[in-house]
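Here are a few notes to read alongside the model. Keep the 3D view open and find each spot as you go.

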Amino acid sequence: ALAGVDARTSLTCCERRCGAVWCSAACRERDAAAHDLLCDGGLPDGHPLRELRRSASAGGETVLVVARAVARAVAALNELSAAVLNDEAADSAANELRALAPPWWTREDNDAARARQREALTEHASEPWQLLRAGLQLRLSEAAATRAAPLLAFETFVAVLAALEWRILALHAPEAPLGDYCRRLVRADVGTQIRATRALLAPLR
């Protein structure tokens with residue numbers, strides 16, 4: 001639709017039609033292990049991962065970002081060679097995630113207001129965490145679920161959620177081809193915009 005950028009071949013959508021879109025097949029391949037753990041495409045109503053998506057849509061997309069972070073860590077753990085894997089691997093990965101946001105209620109200047117913040121955050125995190133853990137346990141083998149237990153702990157989920165909700169963690173994403181495509185599309189004429197939009201939506205139909 002735009003010179004040098006063909007949305008029909010550059011964009012790659014989840015084959016299970018969950019709605020996920022990647023800027024290229026290579027990007028999809030890099031994200032495959034983590035996405036396959038979370039993908040709710042084709043799952044029946046009531047499945048924990050389907051309910052996680054619905055819960056996030058109603059209560060805030062941040063929990064999906066946390067879910068992706070946890071899934072990526074679990075996927076990375078699964079990809080470790082059995083030759084180098086040890087009992088401390090999952091604990092180490094979980095500690096790195098938790099270190100993103102040392103809970104503010106553990107600081108010396110803790111007060112009643114922060115106690116209320118803690119209560120609100122833990123209440124907000126409880127349901128999506130339970131859904132994520134249940135969904136991932138259904139996707140993982142018994143051995144993998146046991147190995148990933150520290151990553152699936154409530155404390156890990158809350159720490160990452162706190163890092164995002166309270167803007168403790170600075171997020172940075174490298175420039176993707178889709179961003180350049182969209183900027184060029186804004187400057188294009190109306191006819192080109194219509195054709196490009198149709199091309200972008202075609203894989204989702």
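Predicted model: local features only at pLDDT ≥ 70, side-chain atom pairs only at ≥ 80, totals over all residues.

1. On the α2 side, the residues in contact are Asp31, Ala33, Ala34, Leu37 and Leu38. Across from them, α4 brings Ala67, Arg68, Ala71, Arg72, Val74, Ala75 and Glu79. Sorted by class, this contact has eight nonpolar and four charged residues, with no polar ones.

2. Now look at how those helices are set. Helix α2 covers residues 25-38 and helix α4 covers residues 62-79. Their axes are 8 Å apart, and the packing angle is about 120°. Angles of 65 to 115 degrees count as roughly perpendicular and those over 145 as roughly antiparallel, so α2 and α4 come out as oblique to each other. Their crossing is right-handed.

3. Helix α4 also packs against helix α8, which spans residues 154-165. Here the axes come within 9 Å and cross at roughly 130°. That makes α4 and α8 oblique to each other too, and the crossing of this pair is right-handed.

4. Which residues make the contact between α4 and α8? From α4 you'll find Thr62, Val63, Val65, Val66 and Ala69, and from α8 come Phe157, Val160, Leu161, Leu164 and Glu165. By class, that gives eight nonpolar residues, one polar and one charged.

5. Finally, a look at the rings. What sits over the ring of tryptophan 22? It's the charged end of arginine 28, placed 4.5 Å from the ring's centre.

Definitions and conventions:
Residues numbered from 1 in each chain as written. Heavy atoms only, no water. Axes fitted to C-alpha atoms, helices over the stretch in contact; angles between N-to-C directions. Helix = DSSP H or I, 4+ residues; strand = E, 2+ residues; numbered from the N terminus. Parallel < 35°, antiparallel > 145°, perpendicular 65-115°, else oblique. Left-handed = near helix turned anticlockwise from the far one by under 90°. Contact = heavy atoms within 4.5 Å. Nonpolar A, V, L, I, M, F, W, Y, C, P; charged D, E, K, R; others polar. Lys NZ or Arg CZ within 6 Å of the ring centre and 35° of its normal.
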